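Dear colleague,

My notes on it follow directly after.

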Amino acid sequence: MCACNKQFSDDEINSNKPAQVPPSLPLGSILSDMNAIRPWSDVMRWNQFDCCNYNYYGNQRYDWGGAKLDGYGSLENVQQMEQEAIRLGGNTLNPYAALGKFFRAYFFYRMTNLVGDLPMTEALQGKNNLTPKYDDQRTVFIQILAWLEEANSALDSLINNPDKVNTSEGQTLRNDFYYNNKLDYWRRAVNAFHLRVLIALSKKEADTELKIQQQFNAILSNPTKYPLLEGMDQNLQFIYNNINKYPVNPDNLGFDATRYNMSATYLNTLVSLRDPRAFVTAEPATEQLNRLKKTPADITAYVGAPSGENLTDMSSKMSSVDTAVYSLRSRSRYYANYAAEPGIIIGYPEMCFNIAEAINRKWVTGSAEAWYKKGIQASMGFYGIPEAGTFVKTYKNIRYEIPFNFETDYYAQATVKYKGDNTDGLKQIITQKYLAFFENTDWEGYLNWRRTGIPAFSTGSGTGNSGKIPLRFKYPDNHRNANAGNWSATLQKQFGTTTDDINAVMWLIK
Amino acid sequence: MLFLLAAGATAWAQQQVNGQVTSAEDQQPVPGATIKVKGATRGALTDAKGQFTIPTQPGDTLQITYIGFVPAEIAVKGQQNLLITLHSDKKALDEVVVTALGIRKEVKRLGYAVQEIKGDDLVKAREPNPINGLVGKVAGFTVGASAEMLASPQVLLRGSSINLYVVDGVPINSDTWNISPDDIESYTVLKGATASALYGSRGLNGAIMITTKRGSKDKRGFSIDFNSSTMFDNGFIAIPEVQDEYGPGDHGRYAFVDGKGGGTNDGDYDIWGPKFEGQLIPQYDSPIDPATGQRKGTPWVARGKDNLKRFIRTGILSTNNLSVSAKTDKADLRFSLSHSFQQGIIPNTHLNITNFNVSAGYNFSPRLRLESYLNYNRQYTDNFPDVNYGPNSLIYNIEIWGGADWNIDDMRNYWQPGKEGVQSIYAEYQRYHNPWFMVKEWLRGHYKTDMNGYMKLTYQLNDHLELLGRTQVSSYDLLRTEKMPYSAHPYGREEGKGDYREDRRSLFENNTDVLLTYHNTFNKLDLRASLGGNARSFKYNSSFVSTNYLNAPGWYSFANSRDPLYANTFRSDMLVLSAYGYVDLTYSKYATLSLTGRYDKLSTLPSGNNLYFYPSASLSTVVSDYVQLPEIISFLKFRGSYANVKGGLTQDTIGTTPQGVYPLGYGTQYYASYGGPTFQNSPGYSVSTVYQNQAGASYTRTITNPSLKPFSSTAYEAGMDIRFLRNRIGLDVTWFTTKNGPRIYELQVTDAAGYDTYLVNGVTTRKNGWEASLTGSPLRSNTGLNWDVMVNWSTFKEKYVDFYPGVNTLNVFFKPGDRVDGFYGTAFVKTPDGQIINDAGDGRPIVNPVKQFLGYTNPDWTWAINNAFRYKQFNFSFQFDGRVGGNMIDYIQQQTFRGGRNIKTVEGAMGDARYQDYKGVKSWTGQGVVISNGAGISYDNNGNVTNYKDMQFAPNSTKTYLQDYISVYYNTNEANLISKTFAKLREVVIGYNLPQSILGRTFIRQANISFVGRNLLYFAKNKDIDIEQYAGDQGTSTLQTPTTRRYGFNVNVTF
């Protein structure tokens, strides 16, 4: 009988999954989740960087339903990671706990932007609270800012006053495939992200409790306490390789090459600025080459489609490969190998433009133009465009050498040269930021448009939702299904109705 | 000397005589038979083994009577052991059936519904899978027969899946392919928990009891049987109708350059290309102009008309069985060898099943009997098809996304010259595959060995007490392989560099029982009671290993993996300790009460909640035995029962990489029969690689529950059996209600809790239903025509009762009181008077952002009619069956429309519009209206339009391309919703028994030849799919191999 009892408890145990792991393993999945929104995904079409002209594969209709708030799942792993770090000898202050603060800020920022209010203080408690109340979006943002402060100061201690005796698994960052376990770089990314969050709150300048202006100033004026990104090599970014393939690659050329074309919101802006990034990211439209006899080195041969165009029309215009009206993705850049370019999550150009915007908004003093130029140049560097010299456009295996000088050919243009700390200057900053966001940085292209209307997003008969670009997602069905009372209360509180409407205006953009 | 002994015996006055009563039909013991001494009051009843003891005097005559058998008389002449065989009385109620634990009981005394099928009825018009043959034979029992080789049929009883197959009283693990029909005496379908409560949670929804053949029927002491069937699959009953007028491409345009998107729509294409008009278009085999390096145009003609029909061949099903049975005074033996060979209708696909079966019984003494049984079953094939939607599927490649621009016969030499083994030839190189290349090079092997067997010892301790000990083993070992050649590129394997995979699984299960049975008659009360214990121990382990592309083409070995191997292992152990018992009480002719109870201790449940009890009770009374009824009524019985079953955290089947990540994005994942732990309630991490070789761990998405209790299911059943006109007409009606729950349920929680689900004891449903079986013998004659009819009918509905404290809706749409099989899907937005509202800009329907209720997925009712005629040496039988009601999405319709292959796209108004598409003219106007005043549509949370008052409507006049219209219209569930109603002429058998006048002079004792047909006619509104395969609550069809008629002949000879 004793033997039976022993076997009984043995058989109940699942030997197929580990019950405990070192904190570096949950870290791996959290880092992977940060890269969930990938280049050329539907989110990038909603950012209006490109379009799908093949209705079997997709569209630009913005027929949004429930948001995917899988950040909560990532945050559950953050909690587990922190517990595992303590279990394996980590001090209260350990690298996993420090990054945990940042991850909370990062995932809540992504989620609240999509829907509005969110369960936060009562969230992530498992069965101890299956119906968490929603916190106001304002409260969520206050907490995000607080977490970022805490993350920065915790990283500060870990970098500058490390516990040199404790070499335990819980005290040692491992498995970090973004920064190779360099806490200093993490700290810079945290502070750059902090600037993003503050900029996102630009409509709340007047909120005395949020103190956006003061916080921005505090960060910028104290580089020792708040080190920031110093260049493209410090970007928080996902480097693709032959196993973790860039989403556009030789495997899917035959599926995608003609079915996705460039969007006017991005490409036509580049062309209007005579911006050589057009040559790098796009192919010339074949109609421009074959009917209008332009060469691939002529920037006016690059044409993007209005994202709001009726899909039937867009697909008709793209139906002949020799006279296609719109530009496709650059084959030589994106389809040549499995690692076309890194997927930027928090990038240096964005940080430059955020600082420029803060100066433009007079939150801080400094030269907006200098940061604006740094941002443009960093982005151009990302695409291999030299400050001065020639770069090569390869089209159908023919090389076209295009001479370029940043100052004289590009920046000297009235459309590009910074117009000063006014609304025109702001428009230039945000336009350039948008161009640098091309196929990267999560939802930021859309979110900056939602906040500022820059650049103008295209709508038309190809846009669903009665021709409007929605301002939010519905809450996921699981909120309605499993937390109905709080769900409907928060809708009532936020929008004055219990209808979960994708056109409703959330606190952040009021 | 003999005389003296006999005289001595006489002098002894009275003497105990032992005997055994068996059935002449199947050599099985007849329990419960009445033995009476003629002219005296002494009597006895036979026990479970048909044995009895009675005091007699020489010269007595024993009368043996039992319901359903012709009464027999035998004179006692001093024998000590009487062997009495009873012949069944065709006119009477023929019913002794096998019930739980293998106990044979009179149907008359049962308090619940069972139906029995003779094994011999299923070995003439054969199915590749034996369970498919049970279709329509039992009311409430549904089989969703799959036409796919090695696929398991859906086996449903009262709409719930059953997976308990019991051989001679002991459960075996079965994938349904490891059952050998030629060795089966009878199948008994135990319906619902009442009948099968003694098997524990595995019997929750019922069970299929299989009684195997034993010993000999022949007076010589042995007999040899040979049964052979040869059947052919030919002639489609369900196949998608496709158009061969337009080829691949988009909006009428196509030109081949490299087949990978380098030309005009030449990669991953739809079949919306140019019409075949003989015009010159560069194609995959067009010559290349040496001067320009470009392909010249060649005539664009439908050279691939009817590609699929020309590719598919006649299928063959050949089964042969040879069995030898023998019997002596002390022993009975049976040896059987079966082989089944199936040639699939898809070239180079086949399946062999070889089955050995040995059973033996030995009587040490009249009190002590040993029985054993061993079955070895081997399934083996080097290639079977995978039709699951995707580039791995021939149907996908030929019927949906392949045009008539290439000829299937030109694809037989499939390697490109100089690239043998590396690059195949086809008309496209991005997404699709050359069918001949697929069937010859892309091979899936299946090798499975099933063994099960038992040894059983029964000992009659005294006249009233019997002890049974039994130990049984059921096990299998499985290897599945996949050889994926270079230039095959299904979903997720777009590099096309080949792969090799092995899926190995091994299961071992042992059941050991001890059962003590007491049987006695007290005055008018007959008591039978048993007490037993069962130990079930279970072990399973599996591994799945795959290369990650190959270095050397054509070498299928793990040593040849280009990138690191993917490997996954799984193991599980389980132990169930049970104590169970039953009491059957029969009071004279009035009533029988049966009670059962079972304790289980189950290792999958949390400690503290893993020991539980569940009871059942049933009552039956044969009114016609004690009430004088009108003469027209020859039999009337009422019955009622109650049962409760508990259990938890086990599952019937198991996939390839349980508790891990299944790495393949294409094809069918194989679910093997299992019955072991789910480990749903075990917290832990899923670990997988996230970046190059670096791993990430993700914590369980389910909130586990250490205080989880077993699930509970309670069933009530009531029934009536009434027969008229000396049993010429019979009607058996059953009503049942099952309260299923609280279940063990993964309740959805808000993602904000940090998890997806919470494992709780929650969600209760109630299922109510009716079953009826009508039997009749319109014609009955010993010399002329006999005609027997059986009609089976059943219906049920299942509704939610409650969910969990605080939970008001389940899956957003469901509330208590709603049917569980409600189907919600994408639907069109309509005006208040029901017209489709189209987008004013593009003239295409607007799809509601919220899923809408579209129908119920379960059938309303199912039916079957069997007719059997017998005239002298001839017999003729046929069966119609079908289901009525229920809805699902016709996925083949959806995809053939969207891909431009559906025949309707070239017929009528669509055909005209399609031609205009090809000419570049928008000409199609969709039905319905547009909003003419520019008002936007507002919806509430359920997708109801809230601002009709703001809208003005005008008829839709926006012309669009047919292709673009279809791509929206037929991508909407509502457009593809079909009824699941269908009927089939299931089975026709015409047989002839060779008369003894011919056989008498030969060594052949009996011979029968039959001409047989299966699935000969199919009636359904939509014949592009065989609806039969979706027997339960499936909301959508899959791809399937077109189904065919099967016909052939059967020869049955006894030597």
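**Overall form of chain B**

Chain B has nine helices and 55 strands; helices (H or I, at least four residues) and strands (E, at least two) are DSSP runs, numbered from the N terminus. This is a predicted model, in which local features need pLDDT of at least 70 and side-chain atom pairs count only at pLDDT 80 or more, while totals for chains, interfaces and linings use all residues. Residues are numbered from 1 along each chain as its sequence is written, chains are lettered from A and ligands numbered from 1 in the order in which they are written, and side-chain values use heavy atoms, with hydrogens and water left out.

Along its principal axes, the C-alpha trace of chain B spans about 120 × 70 × 65 Å.

Of the 1055 residues of chain B, 59% count as buried (under 20% relative accessible area, with exposed over 50% and partly exposed in between; 1.4 Å probe, protein chains only). The accessible surface of chain B comes to about 40,100 Å², and carbon and sulfur atoms hold 56% of that area; such areas come from the Shrake-Rupley method with a 1.4 Å probe, and for residues only the protein chains shown count as cover.

Among the contacts (heavy atoms within 4.5 Å) in chain B with a separation of 6 or more, 69% are between residues 24 or more positions apart.

Chain B carries 104 positive and 96 negative charges, whose mean positions are 6 Å apart. Lys and Arg count as positive and Asp and Glu as negative, without His and the chain ends; each charge is placed at NZ of Lys, CZ of Arg, CG of Asp or CD of Glu.

**Local backbone features**

Two cis peptide bonds deserve mention. In chain A, the bond from Ile454(A) to Pro455(A) is cis, with omega near -15°, and Pro455(A) is in the loop between α19 (444–452) and α20 (464–467). In chain B, the bond from Gly741(B) to Pro742(B) is cis, with omega near 0°; Pro742(B) is in the loop between β39 (729–740) and β40 (743–748).

Arg158(B), in the loop between β12 (154–157) and β13 (160–161), has phi near 50° and is buried, with a relative accessible area of 8%. Ser487(B) has a phi of about 75°, lies in the loop between β26 (465–486) and β27 (497–522), and is buried at 6% relative accessible area.

With kind regards
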